[in-house]
Every structure is written in structure tokens, then in C-alpha cells.
Amino acid sequence: MKKYQLGEFEEIVMLTVGILYDEAYGVAIKTEIESRLGRSVSVGALQSALRRLEKKGYLNSREGEANAHRGGKPKRYFRITAYGKKAIEYNRNVRDGLWRAIPEMALDLKFA
Amino acid sequence: MIKSLADRLFRWYCHDDFYADISGDLHELHHARLQSGSRMLADCRYLFEVLRLFRPSLLKPFNSKIRFNDTGMFKNYIKISFRNLIKHKGYTFINVAGLAIGLTAFLLINLYITFEKNYDSFFTSYQQLHRLTTDQVVDGVLGVRDAMSFHPAGRVLLDETPETIGYTVTNKISGIIFRKGQSVILEEGIVAADSNYFKLFDYKMLSGDPETALQEPNSLVLTESKARSYFGNENPVGKTIQVLSGFRRPFKVTGVIEDVPGNTHYKFDILMSLKSIQEQLDRDGWNGFNYYTYLKLVPGVDLEQYEEKIVPLARKYLGKESSLVFNVQPVRDIHLHSDFTFEPEIHGSAKAVGFLTIISVFILLIAWVNYINLSTARAIDRAKEVGLRKVIGAQKRQLFSQFLFESLLVNLLSAILALFLAQVVLPFFNQLVGVSIIDQVWKDPGFISNLLLFFMLGTIVSGFYPALVLSRFTPVTVLKGKFRNSKNGVVLRKGLVVLQYATSLLLISGTFIVYQQIQYMKGKNLGISTDYVIGFPTPDVPEDQREAQQEKFEAFRNEVMRASSVETVATTSDLPGGGSSDVSSTSGGVKIVGRTDRLDATTYVQWIDDYNLDALDMEVLAGRNFDHQIQTDTFAVIVNEAFLRRLGISDYESVLNSKVQFGRDPENDKIPIIGVLRNFHRTSLKNQVEPTVYFFSENRGSVLVELSPQDYRAGVEHVEKTWAKFYPQAPLDYIFLDDRFAKLYEEEKRFGDVFGTFSILAILIAVLGLFGLSSFIAAQRTKEVGVRKVLGASVANIITIFFKDFFILIAIAAVVGLPLIYMGMDTWLDNYAYRIVFPWPFMVAALGIVAFFTLATVGYQVYKVAVVNPSQTLRYE
């Protein structure tokens, strides 16, 4: 874990950015997470995570188009970088490894 | 509303890189919420989101602008500044000279103001020192306020009020003859003081014991310089000095103190122990208040409560009938704020100090305005430099500091110049204000710290606005070449010029008015003729030899009269032209028997002989003069008009042979009135003619000699010779009465001179500024002038066009300034009982002077441009 520092919310954000692929900008990511996870996400939390990830190099971004609903302000689209991909893969592998390491019986254990 | 506020908040804290898209997201969300809910709710949600965006990772960096280490540029600023100063020598001279003169004048005046305001503050406990004075209150109305008090009062206050912790009684004795070696000297500054004196006024005792020095009768304490003049370098303590007039006995020197500094209201050269005048003390008691009493009160005493407390004491000791009450005043306020009768010296005037403060501020203001005006007017010269610097990457902040630095440089140059200038003009300044405050400006810490302070302040005040204007230029407009000074700047500059005009007007007309008033007072008909009349004190006569001396004096008088150059010799108790304290007075009340009720007010008393009327051309309105051949005239009075008018009598004939009675006791003498004199001015025209009663006396105090105008020099010589023959042991100390009257107005004259000098300086600085400004404006409009000339304008036409602008400014200045001048100067004139009416014609003259200087400076500059052939000015178009 030490190699790729990635928090739980950060991982969710990265995965959502992956899901949305070309459409991953602030509002879209927010609604996606909210609908998939059923929890509300504040713009502040999301944006600070996005910028943090970008700073770490897991995401990159480009400026997109603006429209009237946005008060003439441009969108910012995020995309997972190769390094970011490694990070989530690493995370996933670590998890899988952990999963695998759990003895069968620990999960099958039934309490009477 | 909430949304836009929230947006501004967000913009304020959010990192610039993130702001655009995040706020876009917020807008989008807001828009979506508007579809589903109320605006209010959506707005609140928006605000809520914004608040939750306040996270470290999204904040602006704290030192938001990247700061380069730009100290390397300082060298460049210095270089450019110097080049600029050298390139425009004329402007540099105007700026530096103006600021230096302004600063010098301001600092010197301040030096004087500080001096005036700190009178008597060098005594250790000056905050606690108070003077006991005497007021006359009749029917609850405050009458004459006298600086003197009864001599037992100090003791009484010490015993009966806990607030009083010390007192000293003093008596000012003027003109006593001392023997010095073989010659005699008239000593003017002698104060008799009791042994407590040094406990209150802690002068440094150089030799002798301050506790005991004034204890014994016939003791003297000399100031250092007096000690030196009498005894050279020997220690005078223990030696004796023969005191002639009045005492005729040897006095022992018991101490030497440092010289009395200039800034005390109670100056003296020699202190005498109070017990030396015990006879006078015994005689005066609670009858005569001829003493300056000083009290030391506990710190922080409430003066009003204290004064209430001492009212019953006055009743207890002076009797219920008396209209006199005690009053106390802080010693530190005496010089500027006390205007009582019988002050020990001509005091300063808080008003004059106030006026001077205003003048000094004006001068400095005018100098600063010059700098601001010239720098902003010349901004166009520097505009391209600013544009280019900005293009290369200079920030506004850097340019601002560059121009502020330039102003620092100019101010520094002028501060250094001011220091030298101040030193050079200091002797003249000392002469102007009549006191020697300091000899070397750089030895005065107050002066130096003020210089530094106002140098810094000047840098900021004068440099701030030009720096702001210059650093604000946008490169695009400036470098395009279509740049003009902004309208705003012009309005401000014109406003400042108006300010300069108004202050110049004020100073010029103020000077006019002060001189007019002095001229008026000097020239006003005094009611007596003082031309070619000299006065001097009569030879001093001991009590027991009076009759013998009287004969001798008669012989002297006859001898003097024998010369054809002498017209009359008269004796009087008080020479005309004395100060308010040079006359006797009675406050016991006076009435004309059977005619009026007693009037509790001060009446002045003089003793004259029958030659006075002739010598001074006094006019008798009713009745007759004294006559030394009529025996009963020794018990008769002549009164003046003012005396009768105060009693409400206008028919002067009717009072002849009525009797006046002084005091309360009905048994008091009733003295017949034999004549009424026309009012004449005995003292400064600042005061009303004093209600006076004249008694007959021969050989009293002073001698008046009227000389014939044709050969008055011979007359003076004759008087001197005769005096030396009759009274070889005493010096003759004569003065022309004209000079004596002129001396009364010294303070006014000084005020006028100071006012005048600094007005001239202020105008000089203003003219300098105007010169620079107009030359610049003329240079700016060279092409306009060329075009006008091509189209047929004459030189006169062009000059008129330029003048018009300035005359409008003068007109505004007049409208603004004249009411202020009227208010200020009219109250000043109200100080005088006899004053001129406000001289409006002089206001026109002042305006004329301002207009003239404007014409001269602007005209010169414009003329230079106007005569140039248009082919030269327009050839590059």
C-alpha cells in the first residue's frame, strides 16, 4: 500500500472517472457516485479529492466546453493516467490477495 | 444575492487554477436545483457548497503573488532617479528649493512655538506650581483681574488648606541703583523673594545654600552673569554690594544661581531677601496687593474645588465688604493664557502662537502641493518609461516603490538643504522672534527629530499620489502614443492650485491687516503730544531729606528751563507710554458725593504737577489745571472723561466742585474735583482709556522735559549736562516718549514681522511652483499654440487664453478664502480696544498681488512659447 497512496473515497472517485471515461467532469462524477453508491457527495469533498489525485499524477485533466447553465465557465474533464491505472490495479491486487488469504472457513463460519 | 455573495467569497479564497471549472460545476448544480426547487433553497445550497469547498487543497496560496527578489532593481531606480533629476534641472531646483524652504520655515516656526508653549516647564514640579492672583467681582460680574496678591495670603493658604504644600511671596522691584566699584549701575530686574523661593523654583545654585540664602535681611542672590559683572571670576558669596536708592546700605551676597532662562514669565537678574523690604510688608499687610505669590499644590488638585475653598478665606481676611477674591492659575499657563493687569512682563499670546502654527502648516502644505502638482503634471514625461517597464514585466507595486523612492530622494535632498538653511538663517530668525532659542540647529534633538519626522511624512504625502498616478498607467494606451493626462488629475491639480492661491491670499492679507493695525495704533492721535518730549526717573530721595532735595530739584528744574531749547519741565508719577502695570490703582470703590452711588471698580491714580498739561498738550474740557500757587490744590483732583462716563455723567461742567470719595468708609476724605481732562491714551491702544483720577504732587517719580523741535539735540545735551552737575552719583536714563509708545507695540510689530516674513516665503514657494507648472503646461500646449498662430491668433490672444484658466482659479480661491480671512482676522482685530475696520480694499490689493505674480510667471512662460514660429513647432506633425 505504501507505494500507491490511495484512500477509499479517492479510489471510488478514480473508478468513477474510469466508468465515465470521456464524460468525467465534476457534476457528472458527483451524480454517478451518488446514484451508484446511494450516498451524497459534496462538491468540496469531490473537488479536493480530484485535485489531490491530479497532483499525485493519477489523473490528468483537460479544459472542456462551456455552456449557459454553467455561467459561461468551462468544464474540466478528468481521465485516469497510466500511473493512476497502476495505482488502482495495485489496490485491487492487494485487496484480491487479502481476499484470497482469508481461510474458507472464516467466511463460512456459521454461528448458532 | 446570496449566490453572488457566495460566488465572490469563493472567488476570494479559491485557487485561481481551480476557480473557473469548480464555479462552473456549482452553477450547473444550482441550475439543476432551480428546476426542482425554490430559488431561495437553491441559493442556500449553493452557499453551503461554497462553504464546504473551503479546504486547504483548494485554497489560494498564502503569498499569492510570486515574489521575485527584485532588490536588484533598486540600483536601477537610483540611477534613473538621478538621471531624471539631472536631466530636468529646473524642475529639480524648484522641487528641492521649494521643499527645503518650506521645511526650514516650518521647523523654525515650530521651534519657536515649542519654546512659547514650554514656558516655565523647566522647574521640577512645574505642574504643581500656581500663582495666587486677585480678582475683583462686583455683583457677580468679574471685573479687573490682577496678577498680584496680598503677601500674608500665602501663609494663610498653607495653614488653612491641605492642598497647599508650599508657597513663596515675591515682590518685583524695578530700577534700583547699585554701586559697582566707583560707578553706579541701574539694575532693572530685581525681585525680592522669601526664603521658600528655591523650594518652588529650583534654579541650580552654583554657590551658597538655597535653604538659607534668602533668610536674612539685606541678602542678595546673584545670577551667574551678574556675579561675573560685579566680581569677575572671584566667588562673590560673603562679599557685599552697596545698594543706593531706597536702601542706602550694604547687602551681603549669599548665593549665585544659574542665569534665568528666556522661557520663564518671571525673569530677574538679582534676588533680594524679602525681609529687606520689611517696612513695605508691614505697611501693605492686608491693605495692598503688590506681591506675586506662588503656591505649590498637591499633584492633581482640582483647581475649581480649590478656588471655591479659598473664597471664604478671602472674606475672612479681607472683610465681607471687599469685592476682591482669590484666584489661582497654573504657572505653566501664565505666559500664553494669562491676560491680567500687572503682569511681570509683556506676555505671549496664545492667539499669535495659533496663527503661527497655521502659517507654518500652510507653508509646508504649499511646498508639498508644489511637488505633487509638478510631478503629476510631468507624469506624461514618464508615461512611456512606465509603459515600457510594464511591458518588460514590472509590476505596479515595483513602479509605485520606484516613484516613491524618487520622492524620497527629492525630499532627502531638501531635508539636507533645510538643515543648512536653518542654521544659516537662525540668527535672523532669533532676531525676528526676539528671543534666542538655540544657537545651533543640529544640537537640538527636537529640531533633528522633527526634521526626520517631516522628511518622512513629506516623502509619503508628496510622493504617494504621483506614484499612484504614474504606476497606474496602462502600457497599451501609453505606448500607443495617444496618451493624455486624465481629467481627474487635472481637477485635483487645479484644486491644489486653488489651495495655494487661497493660502497665499490669506497670508498676504493677514500681513496687511497686522501692519495696518500697528500703523493705526502708532499713528492714532493719543490725545497728548509726545513729540520731542523726553522722560526720565527723578533722582531718588530718602524720606528724611525730602524737603532739602525738593529745593535741589527746583534748582535743577530752573537750570534746565533756562535753555532756549527746553520748553517745559514737568513731573509725574507715571510717564505716558508705560505698560498696563505701570500705574497705580485703587479697587476700593469710588463715588461722587451726592451725585452717584459707590461704584466698585478699579480706578487708576496718577500724580502730576501743573506743568504736565503744558508739556503734553493735554486738554482741559471743564474747570482748570492745578496751580502750585493755590495751596488747596494739594487736596483736589482732576478726573478724566473715562472716569465720568463710567459713572454715567456726560455734563462735565456739572461735576466741578463736587467731591469724590474713595473706599467704603463714609468718613473717608471727600476731595473736590477742579477739572476734567480730555481722554488720552496712557498705554497701548489694546486697552481702553483708563478711568483715572489725577492728584497734585510735585517731584513724583518721573520728569518730563518738552524740548523745542528746532534744536532738541541741544536740549537733550543741556539736560544731560545739568543732570550730571546736580546728580553726579546717578546715571541719567532718558527716553523719548515716542519711542516709549513704540515699545508698547513691540509684540505686535514682531508678530507682524513674523507674519510678513513667512508670508513672503510662502508666496515665494507658491510662485516657484506656479513657475514650474506653467512652464510645463505651456510646453504641453506648444502645438496647440502653433495651430492657433497659423489660424491667425496673436501673441496677446494666446496669453489671454492661458491666463483665463488661472484667473478662474484665483476667483475660486478668493471666494473660498476671503470669508475665512474675514473671520480669522476680524477676531484678531477684536483684541484691540481701538481697531481698524476690516480693510476690504486691502483684500483687493492682496488679490491684485496674487494676480500680478500669476501674470508675471505664467505670462513669461507662455510668452516664450507664443513667440516661437509655428513652422518650428509644427514641422514634425
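Two residues are in contact if their C-beta atoms, placed from the backbone, lie within 7 Å. The model shown is predicted: local features need pLDDT of at least 70 and side-chain atom pairs count only at pLDDT 80 or more, while totals for chains, interfaces and linings use all residues. Residues are numbered from 1 along each chain as its sequence is written, and chains are lettered from A in the order in which they are written.

**View 1. The contact between chain A and chain B.** Chain B gives 18 residues to the contact and chain A gives 17 residues. On the side of chain B that touches chain A, helix 2 (16-36) and helix 3 (39-52) each supply at least two residues; helices (H or I, at least four residues) and strands (E, at least two) are DSSP runs, numbered from the N terminus. Helix 2 of chain B provides the largest share, 12 residues.

**View 2. Helix 3 of chain A.** This helix, residues 43-56, has 14 residues and spans 20 Å from its first C-alpha to its last, close to the 20 Å expected at 1.5 Å a residue (1.5 Å times one less than the number of residues). Just after helix 3 of chain A, A:Gly57 has a positive phi of about 95°.

**View 3. Buried residues of helix 3 of chain A.** Among them are A:Val43, A:Leu46, A:Leu50 and A:Arg51 (buried: 20 or more other C-beta atoms within 10 Å of the residue's own, with C-beta atoms placed from the backbone). The buried residues pack against helix 1 (8-20), helix 2 (26-37), strand 1 (59-66) and strand 2 (74-80) of chain A, and against helix 2 and helix 3 of chain B.

Notes:
Buried ≥ 20, exposed ≤ 12 C-beta atoms within 10 Å, placed from the backbone.
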